[in-house]
Each structure stands twice: as structure tokens, then as C-alpha cells.
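Dear colleague,

Here is the structure that I promised to pass on to you, with some notes on what turned up in it. Please read the notes beside the model itself.

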Amino acid sequence: MSLSDTIAAIATAISPQKGSVGIVRLSGDRAVAIAQQIFCAGGKQVWESHRILYGFVKHPSTRTIVDESLLLLMKAPRSFTREDVVEFHCHGGIMAVQQVLNLCLELGARLAEAGEFSLRAFLNGRIDLTQAESINDLVGAKSPQAAQSAIASLRGKLAQSLKYLRGKCLNVLTEIEARIDFEDDLPPLDVEWVKTEVMTVSTESQQILATADRGELLRTGLKVAIVGRPNVGKSSLLNAWSRSDRAIVTDLPGTTRDVVDSQLVVGGIPIQVLDTAGIRETEDVVEKIGVERSRQAAQSADLVLMVIDASVGWIEKDAEIYATVCDRPVIFVVNKIDLALTPISSPKGREEQDQILTPPLLRERGMGSEGILIVKTAASQQQGIEDLEAAILQCIHQDAIAAANLEVAINQRQKACLLRVVQSLANVQIAIADQLPLDFWTIDLRDAISAIGEITGEEVTESVLDQIFSRFCIGK
């Protein structure tokens with residue numbers, strides 16, 4: 001791509017008969033000239049930066065009105081890309097914005113490539129690479145917490161921490177190289193100071209690293225499959241949990257023939273819940289396909305909720321189903337507790353009920369042993385949902401992850417770079433302990449500085465930029 005071109009793109013999602021406003025964005029040296037050829041501002045409106053003009057978009061030759069719109073003008077460098085930027089705020093839908101975009105392209109603008117507006121903002125010093133990545137995270141956020149984490153990065157929270165650490169490394173490198181070049185003219189190097197600074201950077205880097213798992217959960221979410229025998233209350237559980245009627249609920253086994261999904265947020269974590277068909281042997285061709293898809297959904301899930309019928313207790317069929325999912329993290333959901341076999345009005349009754357409902361393999365290991373999560377629900381009565389959500393958060397160690405958060409959460413690319421930082425600083429510490437020459441110290445210090453620079457964009461290759469911005473939408 002040529003960064004000297006004026007680029008144009010539709011900057012809002014569009015679909016027929018939906019959306020009240022659609023935006024066409026221009027950026028580059030010819031943005032204003034192109035806009036002036038097709039936009040007619042009524043009255044005595046002045047074309048000044050950071051003003052909104054009202055008027056009509058007209059074909060430059062026929063003067064046919066294409067749309068009634070607003071025009072927002074932002075002259076360089078006071079714009080997102082630090083270039084001249086013009087936005088046409090048109091009527092929503094497809095036709096208006098598409099026609100305006102086509103006029104811009106006919107007058108010399110080039111269709112922007114994926115993420116090119118944000119790339120120009122980065123290359124022109126408007127944002128660093130962590131802020132650019134946070135823009136994409138914000139657009140794709142699936143929960144309020146994910147959005148807040150992205151906004152924190154967009155405001156420079158992560159960049160500030162990383163630049164502080166890189167500055168410390170640069171200071172240490174400067175002191176060491178000064179001793180290498182001017183050993184006779186300077187006092188001896190304070191080795192203890194070097195060790196302290198390196199340890200500080202390493203420790204703080206590891207604290208930022210600890211946010212990687214949280215970041216991955218916030219971005220991609222968790223896939224949870226609900227499995228169990230037919231008619232144990234899987235669909236009722238999904239409906240109660242999602243507070244909707246996504247799944248059909250009847251007393252007839254085999255009602256759910258396919259995987260039904262629902263999008264939820266638990267403790268800030270986006271969760272895709274899959275209600276699967278009851279797993280059993282069947283001659284019904286359609287139900288058989290549903291059962292097979294249920295098995296596949298369970299195998300692809302990050303977490304399995306195995307539902308047991310409290311009115312029946314644990315039976316051999318439950319054991320057979322558990323054998324197919326035992327390689328996944330499992331939470332046992334004892335449903336229909338309101339119809340349980342034994343009363344729970346007394347401690348003895350509760351103890352007897354636990355013996356009946358608890359799977360034998362878990363009774364052998366001891367009820368409530370570490371790693372075993374059992375939740376009791378009455379889905380039809382909306383009971384036990386909060387306990388279920390607490391168990392899910394416990395299962396993914398949400399408390400531990402949250403305790404390590406830094407307001408922001410790094411992505412996998414940033415994690416890989418920080419792992420290099422920690423390893424390089426560990427090598428520096430080894431070189432110091434082994435009393436190796438100062439030149440050896442500088443090799444790994446330089447690598448740590450380079451790795452931090454790759455995160456912020458101070459040292460980054462074109463291929464890395466292509467990989468990052470190719471994931472953006474065209475109008476960003």
C-alpha cells in the first residue's frame with residue numbers, strides 16, 4: 001500500500017433497512033479537495049477544521065443529489081490519522097453510503113485496506129502499537145469488562161508501564177556500555193544497582209505477564225457445553241440461566257435435536273453456552289445426528305456442565321456419559337433438586353441425599369475434594385443459578401486472575417514478547433552471577449529492550465504490522 005494516497009472506506013456496519021446513520025471516511029492530502037467537489041454546504045457555512053457542515057452530496061458532473069448528510073472536517077494534525085480527515089455522515093442502509101464512497105473513489109481516493117486508518121495513526125505517531133491493538137479489542141469486546149480493559153490500553157496504561165521498564169533497561173545498558181568504552185575515566189560500575197534494576201524490571205514484567213490468561217478469556221470467552229441424559233433438565237437450565245426461552249422444554253425425552261447456543265457474561269467473562277441433545281442410543285435418524293453433534297460440542301468445549309437428575313439419582317447411563325467427557329474440566333449439576341428422592345429438611349436427610357446424588361467415583365474421592373465441583377439446582381424454579389456461576393468462576397480461577405490484573409490485559413503477541421524479556425533478564429542475572437565480562441551483560445539487555453520495543457512498536461517489522469492490522473475492519 002502507498003501511504004501517500006488518500007484513502008476512503010465505509011466506517012460503520014451497514015445492512016439493508018437497518019442503521020440510522022452510515023459514515024464514509026476519507027484520510028489524506030486530497031481528502032478536503034475531494035469533499036469540496038461533491039459536498040454542497042448551504043448558506044454561509046465555513047469550511048473550517050473541527051466544524052460540522054450540513055448539506056447535500058451531489059454527483060460532481062450531473063449535480064444529482066446522492067444524499068442529504070453532515071460533513072465533519074478535521075485538518076491535520078488534529079485528527080485520528082494526523083492527516084486531513086473528512087467524514088460524511090449519511091443516511092443508514094447500503095445505497096447512500098455506497099454511492100458516496102463510489103464518488104470518492106472516482107475522484108481519486110483509494111479504497112482503504114484493513115486497518116489502514118489505524119496503521120496511519122500509528123506510523124504518524126498518534127498512537128503506539130498497544131493502543132492500536134486495543135482499538136480492535138474494543139470493537140470486538142464481548143463484555144463490559146473486555147471493553148474497559150481495551151479502553152485502559154487505548155488510554156496508554158499498558159504503554160506507560162512498558163516504556164517505564166524499557167527506560168530502566170536503557171539506563172542500565174548506558175551505564176554498562178560507558179564502562180566498556182571509558183573504563184579509565186569513570187568510577188567502577190555499581191553492580192548491586194544493576195542487579196536491583198534488572199530484578200525490578202523482571203518482576204514487573206512478570207506481573208504484566210500474569211494478565212495474559214485474563215486477557216485471553218476477556219477476548220475469546222469460554223465455551224461451555226451442557227451435557228447429560230435426555231430429560232434431566234439441560235434445556236430448562238439454559239433457559240433459567242439465560243432468562244429466555246431459547247430451548248424447547250417438554251417432558252418428552254429427545255426434544256432437543258440439535259445444539260442450541262446462548263451468549264452470556266459471567267463475572268466479566270463472555271460465555272457461549274451450548275445446550276446439547278440428550279446423549280442416548282436411539283434409532284431416530286435426526287436425533288442420532290443431534291447426539292453425535294452433542295458429543296462433538298462436548299469435546300470442543302472449554303468446560304462441561306454434566307447435568308444429573310435429582311429425582312432419579314446417579315445411574316449407569318450417567319457413568320457412560322461421564323466417561324466421554326472426563327478428559328475435559330467438568331462441573332456436576334444436580335438438577336431438579338426440588339424433586340429429589342429424599343427430603344432435605346434435616347441434616348441426616350441432606351447427608352442421605354448427597355450419598356444418592358453424588359456420582360460413585362466422586363464419593364470414593366470424598367465429596368468436596370479439591371478439583372470436584374458439584375452444584376445443586378432447580379432450573380424450573382430458577383434456583384441455584386448463582387451457585388453455578390460461582391462454580392464456573394472458581395473453575396477458571398477468576399479470583400486469582402483478577403488479583404493479578406493491571407487494569408489492562410495483554411494479548412498473545414505481547415505475551416510472547418514479554419516472555420523474551422523475562423528470559424533475557426534471567427540471562428543477564430546469570431552473567432552477573434558468573435562474573436562474565438560486561439559485553440555479555442549487554443547482549444541480553446539489548447534483547448530485552450528490543451522485545452519491549454516490539455510490543456509498543458518502537459522496534460517492529462513490517463511483517464508484524466501486516467499481521468496485526470490485517471485483523472482490523474476496513475474502516476478502522
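E454 is partly exposed, with a relative accessible area of 23%, where partly exposed stands for the range between buried (under 20% relative accessible area) and exposed (over 50%), computed with a 1.4 Å probe on protein chains only. Its salt-bridge partner is R420, with the closest N and O atoms 2.9 Å apart; a salt bridge here is a side-chain nitrogen of Lys or Arg within 4 Å of a carboxyl oxygen of Asp or Glu. This pair links distant parts of the chain, since R420 belongs to helix 16 (residues 412-433) and E454 to helix 17 (residues 438-456), 34 residues apart. R420 is likewise partly exposed, at 27% relative accessible area.

Please keep in mind that this is a predicted model, in which local features need pLDDT of at least 70 and side-chain atom pairs count only at pLDDT 80 or more, while totals for chains, interfaces and linings use all residues. Residues are numbered from 1 along each chain as its sequence is written, and side-chain values use heavy atoms, with hydrogens and water left out.

The side chains of K168 and E197 meet at 2.9 Å, N to O; because K168 lies in helix 6 (residues 157-181) and E197 in helix 7 (residues 191-209), the pair ties together parts that are 29 residues apart in sequence. K168 counts as buried at 14% relative accessibility, and E197 is buried as well, at 13%. R110 and E116 form a salt bridge too, their closest N and O atoms being 2.7 Å apart; R110 is partly exposed at 21%, whereas E116 is buried, with a relative accessible area of 0%.

Turning to the strands, strand 6 (residues 85-91) is mostly covered, with 5 of its 7 residues buried. Helices (H or I, at least four residues) and strands (E, at least two) are DSSP runs, numbered from the N terminus. Strand 6 pairs in the antiparallel sense with strand 2 (residues 21-27) over 7 bridges, two strands being counted as paired if DSSP finds at least two bridges between them. Strand 5 (residues 65-74) also runs antiparallel to strand 6 and is joined to it by 5 bridges. V85 of strand 6 is the bridge partner of S27, and M74 also stands opposite V85.

With best wishes
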